[in-house]
Amino acid sequence: MEMLEKYKLYNGDCFEVLKNFPPETFDMIFADPPYMLSGEGTACKNGKLVSINKGNWDKSNGIEEDFEFHKKWLAMCKGLLKPNGTIWVSGTYHNILSCGYAMLLLNYHILNDIVWFKPNASPNISCKYFTASHESLLWARKDKKAKHYFNYKAMKEGYFPNDFIKKPNMQMRSVWAIAATKPSEKLHGRHPTQKPLELLERIITASTQEGDLILDPFMGSGTTGVAALKLGRKFVGIDAEKQYVELAERRISEVVNNPQITGLKL
């Protein structure tokens, strides 16, 4: 890979782009792969009925093909992780079970499964199921013998005023209360599965060090990149949709061009 000063964004198929990086390039990977649940129906979001068709990139090709998709990108990512690097995979029950099984088959060593609880989750308008109010995160290293980095002190002693589950100066548990993405984080545009900046800042602080190189193969609106740059890391992002790469560029550029606002060390 060419010399990377701060960040690099790619518009293209993740499998094709990932081929261009040499083995053991990245210190950490965050992946929020497609949920494979888009269709012709509707769902409730912020009290309104909205289409669940996010685009062709989020449509299922059947259980077996979807599983092979997840296994393929996870295999490529494993080869791109440094020996002591870690990967975070985010999802819901629609895709996280397939990802977890693929990770076990690929001999990843899972460190934690995190429950991201959303206190402000949308209600279930059908009244036939429990209200979906969480997503899952799998944190893993390349293999069992590897040694991963964990910022225990920051997670125990850090200031997390919005997380009512985290008690001051107590070990952080595997359930995190973080509200869904704020409107202020969507000023440059919207992505249907955009993650809150607070979530990515916690992940990056916990599992990387300043100057580390982070990859997001399904970058979306670029939240991982925004968090990475704010915290003094470097970032590579990939997305197949041009509109989202452009959105990510706008968001990340704002961070890089305003270090006095973000506190970024340049």
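I started with the salt bridges, taking a side-chain nitrogen of Lys or Arg within 4 Å of a carboxyl oxygen of Asp or Glu. By this rule I get eight salt bridges. The model is predicted, so I kept to its limits: local features need pLDDT of at least 70, side-chain atom pairs count only at pLDDT 80 or more, and totals for chains, interfaces and linings use all residues. Residues are numbered from 1 along each chain as its sequence is written, and side-chain values use heavy atoms, with hydrogens and water left out.

Entry: Glu135 and Lys195. Their side chains meet in a salt bridge at 3.7 Å, N to O. Glu135 sits in strand S7 and Lys195 in the loop between S8 and helix H5 (197-207), so this pair ties together parts 60 residues apart in sequence. I took helices (H or I, at least four residues) and strands (E, at least two) as DSSP runs, numbered from the N terminus. Are Glu135 and Lys195 buried or exposed? Both are buried. For that I used relative accessible area: buried is under 20%, exposed is over 50%, and partly exposed is in between (1.4 Å probe, protein chains only).

Entry: Lys153 and Glu157. I find a salt bridge here at 2.7 Å, N to O. The two residues are four apart in helix H4, so about one helical turn separates them. Lys153 is exposed, with a relative accessible area of 55%. Glu157 is partly exposed, at 45%.

Entry: Glu201 and Lys230. The closest N and O atoms of this salt bridge are 3.0 Å apart. Glu201 is in helix H5 and Lys230 in helix H6 (residues 223-230), so I noted a link between distant parts of the chain, 29 residues apart. Salt bridges that share partners also join Asp32, Lys118, Glu135 and Lys195 into one network.

Next, a helix pair. How do H2 and H3 pack? Helix H2 (residues 63-80) and helix H3 (residues 96-105) pack at an angle of about 50°, their axes 9 Å apart. That makes H2 oblique to H3. Axes are lines fitted to C-alpha atoms, for helices over the stretch in contact, and angles run from 0 to 180 degrees between N-to-C directions. Angles under 35 degrees count as roughly parallel, over 145 as roughly antiparallel, 65 to 115 as roughly perpendicular, and the rest as oblique.

I then listed the residues that meet, with contact meaning heavy atoms within 4.5 Å. H2 brings Phe67, His70, Lys71, Trp73 and Leu74. H3 brings Ser98, Cys99, Tyr101, Ala102, Met103 and Leu105.

Then strand S7 again. Ser136 is placed in S7 (residues 134-141). Ser136 counts as buried, at 19% relative accessibility. Leaving aside neighbours within four places in sequence, Ser136 is in contact with Val89, Ser90, Gly91, Ile96 and Ile114.

Last, backbone angles. Most residues other than glycine have a negative phi. Glu24 has a positive phi of about 55° although it is not a glycine. I place Glu24 in the loop between helix H1 (14-18) and strand S2 (26-31). Glu24 counts as partly exposed, at 42% relative accessibility. Asn169 is not a glycine, yet has a positive phi of about 60°. Asn169 lies in the loop between helix H4 (152-157) and strand S8 (175-177). At 51% relative accessibility, Asn169 counts as exposed.
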